[in-house]
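Take a look at the fold below, and then we will walk through it together.

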Amino acid sequence: MNTWNSSFAPAVNGLPPEEHPFDRSLVHHLTMHARLVRAVQSRLLPASLLRFRLRRSPMRRLAAAYVEAGQGLLPYAERILNAWEHTPPVLDAARIEEYTSRSGLPADEARDRIWRETVKEWEREQLADDQRAALDEAERPMSWAATIMVAAVTGETSY
């Protein structure tokens with residue numbers, strides 16, 4: 001089943017809780033970017049064509065550059081989401097039990113930590129090093145366009 005037929009990627013069930021927004025899983029990260037690319041492509045860009053002044057605006061060009069750069073990310077997002085749906089990582093109960101007794105953490109916290117580790121290990125197996133490098137390369141122009149758009153909209157430039 002092709003999960004990218006609609007504008008938005010489906011919700012990803014079972015992802016581990018984040019300790020910090022910069023510690024997102026690759027599945028979450030790629031799905032989030034794919035959703036943004038699809039939303040800009042299917043909603044923002046077509047709507048901007050309806051208004052004469054927006055057709056040639058620098059912001060529309062930035063949004064189009066974001067979408068163009070994002071096209072390189074979509075195959076990786078589709079691939080990892082498909083793997084998540086068909087061969088997801090499996091949580092090892094014995095590993096949780098051992099970690100809980102060794103760490104002294106409450107069972108829920110130990111489970112969350114082991115689940116995050118398990119997902120990260122699984123994600124490392126999904127993309128080869130050259131694919132990760134290509135993914136990073138695809139993200140770079142996306143982040144440039146997004147940074148400029150955020151600065152233009154918010155006026156914030158100190159990040």
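Helix α7 covers residues 129–154, 26 residues in total, and spans 36 Å from its first C-alpha to its last. That is close to the 38 Å expected at 1.5 Å a residue, where the expected span is 1.5 Å times one less than the number of residues. This is a predicted model, in which local features need pLDDT of at least 70 and side-chain atom pairs count only at pLDDT 80 or more, while totals for chains, interfaces and linings use all residues. Residues are numbered from 1 along each chain as its sequence is written, and side-chain values use heavy atoms, leaving out hydrogens and water.

**The fold as a whole**

- The protein has 7 helices and 0 strands, both taken as DSSP runs numbered from the N terminus (helices are H or I with at least four residues, strands are E with at least two).
- Read from the N terminus, the order of elements is α-α-α-α-α-α-α.
- Of the 159 residues in the protein, 35% are buried, meaning under 20% relative accessible area with a 1.4 Å probe and protein chains only.
- Looking at contacts (heavy atoms within 4.5 Å) between residues at least 6 apart in sequence, 72% join residues at least 24 apart.

**Helix α7 and its neighbours**

- The buried residues of α7 are Q131, L135, A138, E139, M142, A145 and M149.
- These buried residues pack against α1 (26–49), α3 (58–70), α4 (74–86) and α6 (107–126).
- After α7 comes G155, with a positive phi near 80°.

**How the helices cross**

- Two packed helices are described by the angle between their axes and the distance between the axes.
- Axes here are lines fitted to C-alpha atoms, for helices over the stretch in contact, and angles run from 0 to 180 degrees between N-to-C directions.
- The axes of α1 and α7 come within 13 Å and cross at roughly 40°. This angle makes α1 oblique to α7, a label for what remains once angles under 35 degrees (roughly parallel), over 145 (roughly antiparallel) and 65 to 115 (roughly perpendicular) are set aside.
- The crossing of α1 past α7 is left-handed, meaning that the near helix is turned anticlockwise from the far one by less than a right angle, whereas clockwise would be right-handed. On the α1 side the contact is made by L26, H29, L30, H33 and V37, and on the α7 side by R132, L135, E139 and M142.
- For α4 and α6, the axes come within 11 Å and cross at roughly 125°, so α4 is oblique to α6.
- α4 passes α6 in a right-handed crossing. R79, I80, A83 and W84 of α4 make this contact with W115, V119, W122, E123 and Q126 of α6.
- The axes of α1 and α3 come within 9 Å and cross at roughly 145°, and this crossing is left-handed.
- Where α1 meets α3, the α1 residues include H33, V37 and L44, and those of α3 include R60, Y66 and V67.

- T31 lies in helix α1 and counts as buried because its relative accessibility is 3%. A polar atom of the T31 side chain lies 2.7 Å from the backbone oxygen of V27.
- A39 is also in helix α1, and its 17% relative accessibility means that A39 counts as buried.

Methods:
Buried means under 20% relative accessible area, exposed over 50%, partly exposed in between (1.4 Å probe, protein chains only). A polar contact is a pair of N or O atoms within 3.5 Å; within protein, one must be able to donate a hydrogen and the other to accept it, and residues adjacent in sequence count only if both atoms are side-chain atoms.
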